[in-house]
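Hello,

Here is the structure for you to look over. My notes on the ligand site and the salt bridges follow it.

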Amino acid sequence: MRFVSTKGNSQKVSLEEALFAGPAPDGGLYIPETLPVLSAETLDALSGGSIADTALTVAKCLFDDDLDSTTLESIVRGSLDFTIPLVEVEDELFSLELFHGPTHAFKDVGARFMARLMGHYLKSRDERATVLVATSGDTGSAVAHAFYGLDGIRVIVLFPKGRVSALQQRLFTTLGDNVFALSVDGTFDDCQRLVKSAFADPELADQTLVSANSINVGRLLPQTFYYFHLFAELPRASRDSLVVATPSGNFGNLTAGLMAKRMGLPITRFVAATNVNDVVPEYLASGDFRPRPSTATLSNAMDVGDPSNFARILWLYDGELDAIRADVAGRAYTDENTRATILDVYERRGYVLDPHSAIGYLGARDHRQKTAVFLATAHAAKFQETVEAVLKTPVPLPPAIAACAERPETITEIDASIESLKGFLKP
Ligand SMILES: *Cc1c(COP(=O)(O)O)cnc(C)c1O
């Protein structure tokens with residue numbers, strides 16, 4: 001597979017190059033030059049079962065030229081060792097539960113695949129590497145868990161001291177082994193600045209520093225797998241006029257869905273469901289894309305005012321608004337809508353939604369033709385305070401998360417200077 005830049009002014013690169021590169025040299029994002037199309041027979045043969053089996057069928061089409069089948073199988077099975085159930089919440093309206101991985105959020109899928117793919121290439125080059133990641137919560141825990149225990153790679157998570165929720169923090173400070181947590185005396189922006197400076201620092205040139213941020217192709221591509229999986233899990237009679245709603249922030253998840261459609265998956269329409277950070281729904285309505293600072297909401301992983309994957313969506317459709325509109329409906333919802341939905345779905349169906357999945361549910365309900373699926377992106381207990389305040393009933397933590405509250409934290413404190421970070425990286 002070859003990758004081109006969305007800006008069109010960079011050399012084509014291989015999967016391995018795109019994986020370790022971050023953005024393209026021209027400032028665009030890498031995207032596959034062409035996507036393989038799965039035959040009708042292959043699609044028809046997909047049937048319910050494990051996500052790993054379906055993912056392997058799709059992965060073989062995507063990575064045929066890049067990886068031998070034994071390697072690919074071990075990467076896919078190693079990443080997707082948890083279930084992704086499709087639950088019928090009400091008649092012909094399904095929840096795809098992407099939150100059964102180690103950190104109980106959908107980012108586990110992409111992060112775990114990326115980690116194993118990087119591990120494979122580093123091993124074949126006989127190199128060791130350091131993953132540097134700045135976090136305000138969610139990303140740090142997904143990335144730390146994804147690389148945890150992998151040979152030859154250490155992960156350093158930088159987080160702003162005292163500004164990450166206790167639960168989120170414990171998810172990456174209690175792992176140990178090859179995961180190191182640095183508490184930075186500063187803000188999230190300071191953490192990001194330190195990571196950027198480290199990549200640019202000549203004194204660190206002898207270290208293989210790797211970034212694992214959300215635009216990485218190693219995270220984007222495996223997100224196509226679960227769109228095929230939801231199709232495979234649906235009863236055959238429910239596969240026509242299928243609408244899929246994606247609760248969106250940076251739009252990686254939706255981009256992967258649109259790529260799956262390009263690969264032949266018969267999804268009739270997508271719903272880009274957002275909170276009040278609605279630059280994409282607004283673009284679909286008016287044709288104007290106006291990025292702006294984000295507004296804080298209950299669905300905070302979707303508080304994005306300038307979604308980077310929008311460039312990939314435009315590229316996929318050659319910038320043609322009407323073509324995008326044919327495939328994607330946009331819809332924004334308020335915190336008020338979110339709370340009311342969490343309560344309503346619990347009271348009517350006994351199903352507990354987190355604030356992000358609630359927005360997905362609304363998009364699916366409001367735009368369904370016949371069957372609709374929404375992506376449930378986080379376990380409700382990760383947003384315990386909000387959900388319990390609405391439902392007035394306890395929402396218990398999953399055992400794996402509860403367990404890490406018992407383990408001791410290991411944290412190194414540094415000030416917000418590149419010298420302190422270097423002191424840690426090169427003792
Ligand atoms: C990251 C995230 C989203 C948004 O996904 P994008 O790919 O950035 O659009 C939605 N829900 C949860 C829980 C997330 O962590």
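The shell around the ligand divides into six nonpolar, seven polar and two charged residues. Here Ala, Val, Leu, Ile, Met, Phe, Trp, Tyr, Cys and Pro count as nonpolar, Asp, Glu, Lys and Arg as charged, and the others, Gly among them, as polar. This is a predicted model: local features need pLDDT of at least 70, side-chain atom pairs count only at pLDDT 80 or more, and totals for chains, interfaces and linings use all residues. Residues are numbered from 1 along each chain as its sequence is written, and side-chain values use heavy atoms, without hydrogens and water.

In total, 15 residues surround the ligand (a heavy atom within 4 Å). The closest are Lys107, Gly249, Asn250, Phe251 and Thr377.

Polar contacts are pairs of N or O atoms within 3.5 Å. A backbone N or O atom of Asn250 lies 2.8 Å from a ligand oxygen. For a polar backbone atom of Asn253, the distance to a ligand oxygen is 2.9 Å. Asp138 brings a polar side-chain atom to 3.2 Å from a ligand oxygen. The protein covers 96% of the 380 Å² of accessible area that the ligand has on its own (Shrake-Rupley method, 1.4 Å probe).

Now the salt bridges (a side-chain nitrogen of Lys or Arg within 4 Å of a carboxyl oxygen of Asp or Glu). The structure holds 24. Glu33 pairs with Lys12, with the closest N and O atoms 2.7 Å apart. Glu33 sits in a loop and Lys12 in another, so the pair ties together parts 21 residues apart in sequence. Asp278, Glu282, Arg290 and Arg292 form a network of salt bridges.

Best wishes

Key:
A polar contact is a pair of N or O atoms within 3.5 Å; within protein, one must be able to donate a hydrogen and the other to accept it, and residues adjacent in sequence count only if both atoms are side-chain atoms. Helices (H or I, at least four residues) and strands (E, at least two) are DSSP runs, numbered from the N terminus.
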